[in-house]
Amino acid sequence: MEDEELWNMLKQGHRDALEKIFRQYVRILYAYGNRFTQDTALVEDCIQDLFQEIWHKRDTLGATDSIKRYLLGALRYGIIRKLRQGASFSSLQDTPSREFQLTLSVEEVLMAEEQTKMERTALQNAILKLTPRQREAVYLRYFQQLSYDEVAKVMHISYQAARNLTYQSLKHLKQYLSAIRALCIVGSTLFF
């Protein structure tokens, strides 16, 4: 069933459509939410609030061609709102972006088997060198496989800003990893 059809069924009051959407996306939402905060209870509350709000406001929901994009954007907004409510005035500045974390798990790493532990560590270190917004853009684009347009909508930025942010992220990753590889080559020749 396509997203538009499933979304329309939800808007018409079919509870099974809501349940199907929940089952299909809850893990993705939970993983994405945990990138902003390690407070799993807050993430679970935000997901629950999101689905309750969707159900209660189903009559006024707009159309969407991507339920995943809609849910990620709405969850991001809900988490940001809750984090800001709990933050002091002085720490409100860019709270969600500082909190967004992108860590690589074994399932997410798209490296060939011959890559070494050192290369994976270098990639993790390179990702940590990115700004939080760059990490978020990379996560949405490459780990959630959203288009640039969808990344822009989730992050509430322009399409061009999403492309630029992702491009700059990849450029920094490439530069950092190239420097690490060069150091490894020089280091290995010193030991022979």
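The model is predicted: local features need pLDDT of at least 70, side-chain atom pairs count only at pLDDT 80 or more, and totals for chains, interfaces and linings use all residues. Residues are numbered from 1 along each chain as its sequence is written, and side-chain values use heavy atoms, with hydrogens and water left out. The structure holds five salt bridges. Helix α4 and helix α8 have axes that come within 8 Å.

**Salt bridges**

- A salt bridge is a side-chain nitrogen of Lys or Arg within 4 Å of a carboxyl oxygen of Asp or Glu.
- The total for the structure is five.
- One of them joins Lys57 to Glu53, with the closest N and O atoms 3.5 Å apart.
- Accessibility is sorted by relative accessible area: buried means under 20%, exposed over 50%, and partly exposed in between (1.4 Å probe, protein chains only).
- Lys57 is partly exposed at 45%, and Glu53 is partly exposed at 39%.
- Asp65 and Arg69 form another salt bridge, at 3.1 Å from N to O.
- Asp65 is partly exposed, with 49% relative accessibility, whereas Arg69 is buried at 12%.
- Lys153 and Asp149 also meet through their side chains in a salt bridge, at 3.3 Å from N to O.
- Both Lys153 and Asp149 lie in helix α8, residues 148-155. They sit four residues apart, about one turn of the helix.
- Lys153 is partly exposed at 43%, and Asp149 is partly exposed at 33%.

- Helices (H or I, at least four residues) and strands (E, at least two) are DSSP runs, numbered from the N terminus.
- Two packed helices are described by the angle between their axes and the distance between the axes.
- Axes are lines fitted to C-alpha atoms, for helices over the stretch in contact, and angles run from 0 to 180 degrees between N-to-C directions.
- The axes of α4 (residues 67-86) and α8 come within 8 Å and cross at roughly 25°.
- That angle makes α4 roughly parallel to α8. Angles under 35 degrees count as roughly parallel, over 145 as roughly antiparallel, 65 to 115 as roughly perpendicular and the rest as oblique.
- The contact (heavy atoms within 4.5 Å) involves Arg69, Leu72, Gly73 and Arg76 on the α4 side. On the α8 side are Glu150, Lys153, Val154 and Met155.
- By class, this contact of α4 with α8 has three nonpolar, one polar and four charged residues. Ala, Val, Leu, Ile, Met, Phe, Trp, Tyr, Cys and Pro count as nonpolar, Asp, Glu, Lys and Arg as charged, and the others, Gly among them, as polar.

**Ala63**

- Ala63 lies in the loop between α3 (40-56) and α4.
- Ala63 is exposed, with a relative accessible area of 77%.
- Ala63 and Asn8 are 55 residues apart along the chain, and their C-alpha atoms are separated by 7.8 Å.
- Leaving out residues up to four places away in sequence, Ala63 touches Trp7 and Lys11.

**Arg141**

- Arg141 belongs to helix α7, residues 132-143.
- Arg141 is partly exposed, at 23% relative accessibility.
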